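Please find below a brief note on the model under review.

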Amino acid sequence: MPTRPGEIVQDLRSRFGGPVLLNTGFRSITTLDDSVAVAAKDWGEAVVVGHPAIANHDLVHRWQEGLPLNKPDASTLCTGGAAGYTDYPF
């Protein structure tokens, strides 16, 4: 029975047989370093980045250029309106 995160993920991938999308969990926001580490370990087909992508529609560019990130405004997430999804600066 797998016990370490990498073993668990690889076991899941072998049983599932489809694309696996991962992040680092719900306790912390997945960072660029986290994303690079997950991809380097070949744990899945893609790394899922939630809040940073919502607050930074140009996230890939920001990560490539080492630019600062907008902080997500938690009070506007999942409220049903455009605020917090379309009004972050580029």
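**Notes on the predicted chain**

1. The protein chain carries 7 positive and 10 negative side chains, and the centres of these two sets are 8 Å apart. Lys and Arg are counted as positive and Asp and Glu as negative, leaving out His and the chain ends; each charge is placed at NZ of Lys, CZ of Arg, CG of Asp or CD of Glu.

2. This is a predicted model, in which local features need pLDDT of at least 70 and side-chain atom pairs count only at pLDDT 80 or more, whereas totals for chains, interfaces and linings use all residues. Residues are numbered from 1 along each chain as its sequence is written, and side-chain values use heavy atoms, without hydrogens and water.

3. Four helices and two strands are assigned in the protein chain, in the order α-β-α-β-α-α from the N terminus. These are DSSP runs (helices H or I, at least four residues; strands E, at least two).

4. The C-alpha trace spans about 45 × 30 × 20 Å along its principal axes.

5. Of the 90 residues in the protein chain, 26% are buried, that is, under 20% relative accessible area with a 1.4 Å probe, protein chains only. The largest nonpolar core consists of five residues: Val9, Val20, Leu22, Val38 and Trp43. Such a core is a set of buried Ala, Val, Leu, Ile, Met, Phe, Trp, Tyr and Cys residues joined through side-chain atoms within 4.5 Å.

6. Leaving aside residues up to four places away in sequence, Val38 touches Leu22, Thr24, Trp43 and Val47 (contact: heavy atoms within 4.5 Å).

How values were computed. Buried < 20%, exposed > 50% of the residue type's maximum accessible area, 1.4 Å probe, protein only.
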